[in-house]
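Here are a few friendly notes to read alongside the model. They start at the ligand and then move on to a pocket.

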Amino acid sequence: MEEWQKELQEALTSAEQLARLLPVDRTEVARVSERYPLRIPHYYLRLIEEANDPIWRQCIPSLAELEKPAGLSCDPLAEAAYSPVPGLVHRHSDRVLLLVAASCAMNCRFCFRKNRLAAGELDFRFRDLEKAIAYLENQPAVREVILTGGEPLLLSDLLLGNLLKQLRRLPHLELIRIHTRIPAVLPSRITGQLAALLGRFGPLYLNTHFNHPHELTAAARQAAERLADVGIPLGNQTVLLKGINDRAPILEELFRGLLRMRIRPYYLHQTDLAAGTGHFRTPLAGGIDLMNRLQGQVSGLALPQFVVDLPGGGGKVPLHPERITRTEAGLQVRSGSGQPIDYPDLDN
Ligand SMILES: *Cc1c(COP(=O)(O)O)cnc(C)c1O
C-alpha cells in the first residue's frame, strides 16, 4: 500500500474519533454526520490552529447543516437533468463533466454535491465508463472532458491511466481537465509516479481547490511543483465562504500565495444553493465588492473571475453588477444567453 492510501485509510470518519482529538460536541457531530458523512485526513486536521478557525469550519460537522432555509436544493445545478448517461453532465456543447468517483479524501462541509453524494446517487462503475465513452464517441462537438466527482485522484494510478487512455482514443477530444481538492487535503497523493502518468496525457489542465492561505503548506507546494514540473498548467477554484475567506486581505494572501506555487487563480465561486450549506453563503454584492477591492491592488494574474452557477442549470456566469437586477422578490441574474434567472439572495 502506498503512503497516501494508508493516510486515507486512517482518516477520521466518526464522532468518537474526532472527540478524542478536538473539543467537539460528540452527539452533535454524530447527528450531523449521520446525514452528511464525516471524513478528515490527519494531514488536514493538523492545519487547525483553534476551534472554529477557517480550517475547522471547512471540515468539522456543524448543526447548521441540518437547517433547511428556503431556496436551497439537493441538486442546485440540476445536474441530474443534464445527465444523458450516468456520471456524465453535458450542459455546454463543447465540454462535459465526468463524475468518476463517489467519494473524497475529505468531506467538505460546504460541498454543493453533498446531498447527492450522501444519497449514493453518484456512484460510478466500470460499466458507466463504457457508457460514457460510447456517448462521447457520438458527440464530435465535445472537445474537453473534465474529470471530477467525488475526487478523481482517489482512483488508483492503474484505473486513472486506463481511463485517460480510453479518453485519448476519442479523435475529437482536445483537452482533458481534472478538478481536484487533493493538493489541499491529501498532498501525499501527488507522487512523482502520478505526476509522470498525468504528464503523458497532455494537453491536460488541472484545477486545484484551495480556499484559505493556511492550506498553502510546504507539502501542498511540493505537490503543485511536481505537477507543474511535468508541464501541467495549474488553475485554482476557490469557494467564497462566510467566516472563512470572505475578507479582501485573506483572498489577497491566498491568491498571491497560489501564484508563488505556480497556480493561477481561475474562479472564485459564489456558494451554490445546496441544502446543508446555507450557513456558508454570502450576499452576491459582498463578493463583487471584494473583487472590486482587489482589482488594481494585485497583479492581474492573481485575480480569478467571480462566478455564480445559476440555479436550475442556468450555467456559470461572471458576476458583473450589470448582470444583476433588483426585483420585488429579490434578485435576477442574467444567464450567458441573456435570460433572467431568479436568484434568492441574502439581505445585506
Ligand atoms: C462548471 C462546469 C463546467 C466547466 O465550466 P468552465 O467555465 O469551462 O470551467 C462544465 N460543465 C458543467 C456542467 C459545469 O457545471
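1. The shell around the ligand in this predicted model is made up of five nonpolar, one polar and five charged residues. Its members are Val89, Arg91, His92, Arg95, Leu97, Ile146, Arg177, Tyr266, Tyr267, Asp309 and Lys316.

2. If you like to think in terms of secondary structure, look at the strands β1 (88–92), β2 (95–101) and β7 (263–270), each of which contributes at least two residues to that shell. The top contributor is β1, with three residues.

3. For Lys316, the corresponding distance from a side-chain N or O atom to a ligand oxygen is 3.1 Å.

4. How much of the ligand's accessible area does the protein cover? On its own the ligand has 390 Å² of accessible area, and the protein covers 92% of this.

5. Do have a look at the second largest pocket too, with its volume of about 280 Å³. It is lined by 18 residues, and those closest to its centre are Asn52, Trp56, Arg57, Ile60 and Ser62. Two or more lining residues come from each of α3 (26–35) and α5 (54–59), and α3 gives the most, with three.

Conventions
Residues are numbered from 1 along each chain as its sequence is written. This is a predicted model: local features need pLDDT of at least 70, side-chain atom pairs count only at pLDDT 80 or more; totals for chains, interfaces and linings use all residues. Side-chain values use heavy atoms; hydrogens and water are left out. A residue is near a molecule or strand if one of its heavy atoms lies within 4 Å of it. A polar contact is a pair of N or O atoms within 3.5 Å; within protein, one must be able to donate a hydrogen and the other to accept it, and residues adjacent in sequence count only if both atoms are side-chain atoms. Accessible areas come from the Shrake-Rupley method with a 1.4 Å probe; for residues, only the protein chains shown count as cover. Helices (H or I, at least four residues) and strands (E, at least two) are DSSP runs, numbered from the N terminus. Ala, Val, Leu, Ile, Met, Phe, Trp, Tyr, Cys and Pro count as nonpolar, Asp, Glu, Lys and Arg as charged, and the others, Gly among them, as polar. On a 1 Å grid over the protein atoms alone, a cavity is a set of points where a 1.4 Å probe fits but cannot get out, and a pocket is an open set with protein on both sides within 12 Å along at least five of seven lines; lining residues have an atom within 4 Å of a point. Grid points are joined across faces, edges and corners, and a volume is the space filled by probe spheres set on the points.
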